[in-house]
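Please keep the sequence and the structure in view while reading.

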Amino acid sequence: MAVDVTAEAPVQDGHFVQFYEGDQSLVRLAGPFLAEGAHAGATLVVVATPGHWQALEAALHRAGVDVDAGRAAGTILCADAAELLGRFMVASGPDVGGFTDAVGGLLRRAVATGRPVRAFGEMVGLLWDRGEVGAAVRLEGLWNGLAAQLPLTLLCAYRLDASL
């Protein structure tokens, strides 16, 4: 199966999933998605691993986005994907109330800026990578619920070589 991991990320409201081959292709995919949003006046929400956030932050800087000013102004919101997962995962999978509080709260803060919202997340991908496919599918459904309620464009990423 061929997947075009270099395709441009979507720009309209909705929830989109992309596969990526490695860290560099993830940055080539999510970096422009976030940078274009920032240049268009969107609030950015990034839920990523620390290493991916570092690479995305560097890509944003290269694209002329003042990340420090955005963070100070509340127009760039970041969360560690594993830490955020830990706030709502239980033995049976994602806890709906915990997800609504943790992730919904973060997204509502972004929406409250009055700007369009672009969010990038890799929590589902982390679950998938750990072999927690059922939990990943349930979490993807919870994201769909938030994306239907809040005006945002959400890009989720999965490693192409993730194993089941």
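## Terms and confidence

Helices are DSSP runs of H or I with at least four residues, and they are numbered from the N terminus.

The model is a predicted one, with a mean pLDDT of 88 for the chain and 90% of its residues at 70 or more. Over residues 1-11, however, pLDDT stays under 50, and the model has 19 contacts beyond four places in sequence for this stretch. Where pLDDT is low, the predicted coordinates should not be read in detail.

Leu-26 counts as buried because its relative accessible area is 0%, and, leaving aside residues up to four places away in sequence, it touches Tyr-20, Gly-31, His-52, Phe-120, Glu-122 and Ala-157. Ala-63 is 37 residues from Leu-26 along the chain, and 16 Å separates their C-alpha atoms.

## Helix H5

Helix H5, residues 96-111, has a kink of about 35° centred on Gly-104, and Gly-104 is itself among the buried residues of H5, which also include Phe-99, Val-103 and Leu-107. The buried residues of this helix pack against several elements, among them strand S2 (43-48), strand S6 and helix H7 (133-149).

## Arg-118 in strand S6

Strand S6, residues 117-121, contains Arg-118. Arg-118 is buried but has no salt bridge, the nearest side chain of opposite charge being that of Glu-36, 4.3 Å away; the side chain of Arg-118 does, however, reach the backbone oxygen of Phe-33 at 2.5 Å.

Terms used:
Residues numbered from 1 in each chain as written. Predicted model: local features only at pLDDT ≥ 70, side-chain atom pairs only at ≥ 80, totals over all residues. Heavy atoms only, no water. Helix = DSSP H or I, 4+ residues; strand = E, 2+ residues; numbered from the N terminus. Buried < 20%, exposed > 50% of the residue type's maximum accessible area, 1.4 Å probe, protein only. Lys, Arg positive; Asp, Glu negative; His and termini not counted. Salt bridge = Lys/Arg side-chain N within 4 Å of Asp/Glu carboxyl O. Polar contact = N/O pair within 3.5 Å; in protein donor to acceptor, adjacent residues only side chain to side chain. pLDDT = per-residue confidence, 0-100. Contact = heavy atoms within 4.5 Å. Bend = angle between axes of the 7 residues up to and from the residue.
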